[in-house]
Amino acid sequence: RLSVFDEPTSLFQSDRGRLKSPLIRQTRFGVGASFEAGERRRHDVLDDPLWSESRFLAELKDKARSQLGTSGSGNHFVEWGELTLDAPLDELGLPAGVYLALLSHSGSRGLGATVAEHFTKLARTISPMPDEAKQLAWLPLDRQEGDDYWRAMTLCGHYAAANHQLIHEHVAQAAGFTAR
């Protein structure tokens, strides 16, 4: 996700704390990173009926709730930068120029990893492959297991989008910025 702000990019030099502090306070980084009960983020994705369609997803909801708004580890990040537009980006109403921007990359956190692991193991039992191709096992969508996988991954996609939305909203608000 990318958020663009009208704030001057000179903040990188003149007021680094205004940029750094919200990143540290408003998200969490690392494997298993989460918010404590009183700090947890709220989003409608937690009200999605898919959570209650299976015991498997219902058991993951509390972990997902605690990780909502966190960044994870590995190649996941949240960072300030400069966005340079040499030409206007009319569809977003952005004239050419240099902008302060917030960019993040993360997935659906522990929820997505657990869902992927669960259904990968299931696929290997339903569609066994030779050892050298076991990563290619699949779940047919015309079977209940395939449909369950599709629905669970749809929820993970909605969760990932909500995660980015909350990170950007909380970091921007803490910095005192309004996205364009």
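Close-up 1. The structure is a predicted model, in which local features need pLDDT of at least 70 and side-chain atom pairs count only at pLDDT 80 or more, while totals for chains, interfaces and linings use all residues. Residues are numbered from 1 along each chain as its sequence is written, and side-chain values use heavy atoms, with hydrogens and water left out. Trp-80, at 7% relative accessibility, likewise counts as buried. Five aromatic pairs are counted, where rings of Phe, Tyr and Trp (its six-membered ring) pair if their centres lie within 6.5 Å, and planes under 30 degrees apart count as stacked, over 60 as edge-to-face and the rest as tilted. The ring centres of Phe-5 and Trp-80 are 5.7 Å apart and their planes stand at 55 degrees, so this pair is tilted. Because Phe-5 belongs to strand β1 (residues 2–5) and Trp-80 to strand β2 (residues 77–85), the pair ties together parts that are 75 residues apart in sequence. Phe-5, Trp-80 and Phe-177 make up one aromatic cluster.

**Close-up 2. The edge-to-face pair of Phe-56 and Phe-119.** The two rings lie 5.9 Å centre to centre, with 90 degrees between the planes. Phe-56 in helix α3 (residues 55–67) and Phe-119 in helix α4 (residues 109–126) are 63 residues apart, and the pair thus links distant parts of the chain. Both Phe-56 and Phe-119 are buried. Helices (H or I, at least four residues) and strands (E, at least two) are DSSP runs, numbered from the N terminus.

**Close-up 3. Packing of α4 against helix α5 (residues 144–175).** The helices pack at an angle of about 165 degrees, with their axes 10 Å apart, and are therefore roughly antiparallel to each other, a class for angles over 145 degrees. Residues in the contact (heavy atoms within 4.5 Å) include Val-115, Phe-119 and Leu-122 of α4 and Tyr-149, Ala-152 and Cys-156 of α5.

**Close-up 4. The surroundings of Gln-26.** Gln-26, placed in helix α2 (residues 16–26), counts as buried at 15% relative accessibility. Leaving aside neighbours within four places in sequence, Gln-26 is in contact with Phe-35, Arg-41, Gly-69, His-170, Val-171 and Ala-174. The charged end of Arg-41 sits over the ring of Phe-35, 4.3 Å from its centre, by a rule that requires NZ of Lys or CZ of Arg within 6 Å of the ring centre and within 35 degrees of the ring normal.

How values were computed:
Buried means under 20% relative accessible area, exposed over 50%, partly exposed in between (1.4 Å probe, protein chains only). Axes are lines fitted to C-alpha atoms, for helices over the stretch in contact, and angles run from 0 to 180 degrees between N-to-C directions. Angles under 35 degrees count as roughly parallel, over 145 as roughly antiparallel, 65 to 115 as roughly perpendicular and the rest as oblique.
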